[in-house]
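Here are my notes for you, as numbered points. Keep the 3D view open and click along as you read.

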Amino acid sequence: MRGRRFVAGTLVTAGLAGCGGHPVPPAPPPPTVTASTASPYEPEAFLAIVRAAVDEAGVGDDVAQSDVESGEVSFRPCELFVTEPGRSGDPEVSVDAVWAGQVEVNAVPSFQAVARPTTVLTVEVAGLADAATAGAAAGRLRAATCPGGDFRLRMGLATARRAAATVTVGATGARVTTATVRRVDPESEAGMTYLPGDARLFFAYGPLLVSVEALTLWPRHGNSAAEITAMAREKATEVAAAIVTRLPPEDATDRGTGDD
C-alpha cells in the first residue's frame with residue numbers, strides 16, 4: 001500500500017504543477033531506432049529460409065538440421081542418394097566455406113524399409129567468401145561430366161542411369177543430375193514394390209553454393225521409372241524455387257540458360 005500512496009501522491013503533485021503558471025516543457029521525441037535486418041546469407045537466417053521452403057513444398061514434418069561448421073566442403077555433382085558414395089574418378093568441386101550446414105527431411109534408415117510413398121530431401125549449403133567465388137564453383141559443377149552407362153543402385157536390387165542438364169530456377173542457372181531405374185533384378189521383382197527416382201540440383205545465389213536433392217520412393221504399380229524420377233526432379237525444383245524467391249532478386253549471380 002505504501003507504494004500505491006507514493007505513486008498517487010506523485011501523480012497529484014505532477015497534475016498540480018501542470019496547472020500552475022509555468023508551462024511544462026514538451027517531452028523530447030523518442031529516439032529513432034533503426035531495426036537491423038539480418039542478412040539472408042547468414043547461417044541461421046538461410047537455414048530458416050530452407051525450413052520455410054520445405055514447409056511450403058509440403059515435403060514432410062520430419063525435419064533435422066545439422067550443426068553449422070566451416071572449412072573445406074566438397075560437392076560431387078554425380079553423387080546421389082542412390083549411388084555409391086566417394087567413387088574414385090567422379091568429378092568433385094571443393095570450396096573453402098565460411099560456414100556450411102544441411103537440412104534433411106524424412107530420413108529413412110533403409111530404402112527397403114519404406115512402407116508408403118515417401119520423398120527424402122536434403123538441402124546442403126556452403127557460404128563462401130563472395131558471389132564471384134560461388135558463381136565460379138557453380139560453373140564448374142555445371143560443366144562436370146558423369147560416367148556413362150548403367151550403374152548398380154547403392155541398395156542393390158536394380159540398375160539405373162544418370163543424366164544431367166542445365167536448367168533455371170527463377171533467374172538462376174542450375175545443374176540437375178538425375179538417376180532413373182533401368183532394370184530391376186529378376187530375383188528382386190517380387191519384393192521391390194517401390195522404385196527410387198533421384199534428382200539433385202546445384203546452384204549459386206549471392207555468396208552461397210546450394211545443393212537440393214530429392215529421392216522419391218514411389219509404388220511401381222501404375223508409375224514408370226521415368227515418371228518417378230520426374231516427381232523427384234519436380235520436388236527438388238519446387239523447394240529450390242521456394243528458397244530463391246525468399247532471397248534478394250538482385251543477387252541471382254549465376255544466370256545461366258536452362259532447358260526449362
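1. Start at Gly-71, which sits in strand β2. Setting aside neighbours within four places in sequence, Gly-71 is in contact with Val-95, Asp-96 and Ala-97 (contact means heavy atoms within 4.5 Å). Gly-71 and Asp-96 are 25 residues apart in sequence, yet 5.5 Å apart in space, C-alpha to C-alpha. Strands here are DSSP runs of E with at least two residues, helices are runs of H or I with at least four, and both are numbered from the N terminus.

2. A word on what you're looking at: this is a predicted model, in which local features need pLDDT of at least 70, side-chain atom pairs count only at pLDDT 80 or more, and totals for chains, interfaces and linings use all residues. Residues are numbered from 1 along each chain as its sequence is written, and side-chain values use heavy atoms, with hydrogens and water left out.

3. Now hop over to Val-95, in strand β3. Is Val-95 buried or exposed? Its relative accessibility is 7%, so Val-95 counts as buried; buried means under 20% relative accessible area, exposed means over 50%, and partly exposed is in between, using a 1.4 Å probe and protein chains only. Beyond four places in sequence, the contacts of Val-95 include Gly-71, Val-73, Phe-75, Ala-137 and Leu-209. Val-73 is 22 residues away in sequence but 5.4 Å away in space, C-alpha to C-alpha.

4. Next, find the largest nonpolar core, with 37 residues. A nonpolar core is a set of buried Ala, Val, Leu, Ile, Met, Phe, Trp, Tyr and Cys residues joined through side-chain atoms within 4.5 Å. Phe-46, Leu-121, Val-212, Val-239 and Ile-243 have the most contacts inside this core. Among the elements that each supply at least two of its residues are α2 (43–57), β4 (118–127), β9 (208–219) and α4 (225–244). There is also a second, separate core of 20 residues, and Leu-80, Leu-153, Ala-160 and Ile-228 are included in it. In soluble globular proteins, nonpolar side chains tend to be buried together.

5. Not counting residues up to four places away in sequence, Leu-121 touches, among others, Val-54, Val-103, Val-212 and Val-239.

6. Which residues of α2 are buried? They are Pro-43, Phe-46, Leu-47, Ile-49, Val-50, Ala-53, Val-54 and Ala-57. These cover an arc of only 150° around the axis, which puts them on the same side of α2; the arc is that of the directions from the helix axis to the C-beta atoms. The face turned away from the buried side of α2 carries the exposed residues Asp-55 and Glu-56. The buried residues of α2 pack against β1 (63–65), β3, β4, β9 and α4.

7. Ala-134, Gly-135, Ala-137, Ala-138 and Leu-141 are the buried residues of α3. Seen down the axis, they fall within an arc of 165°, so they line one face of α3. Ala-132 and Ala-143 are exposed on the other side of α3. The buried residues of α3 pack against β2, β3, β7, β8 and β9.

8. How many disulfides does a search of the whole structure find? One, counting a pair of cysteine sulfur atoms within 2.5 Å as a disulfide. The disulfide joins Cys-78 to Cys-146, with 2.1 Å from S to S. Cys-78 lies in the loop between β2 (69–75) and β3, and Cys-146 in the loop between α3 (131–143) and β5 (150–152), so the pair ties together parts that are 68 residues apart in sequence. Cys-78 and Cys-146 are both buried.

9. Last, a caution about confidence. The chain averages a pLDDT of 85, and 82% of the residues score at least 70; pLDDT is the predictor's confidence in each residue, from 0 to 100. Over residues 1–24, pLDDT stays under 50, and the model has two contacts beyond four places in sequence for them. Over residues 32–36, pLDDT also stays under 50, with zero such contacts.
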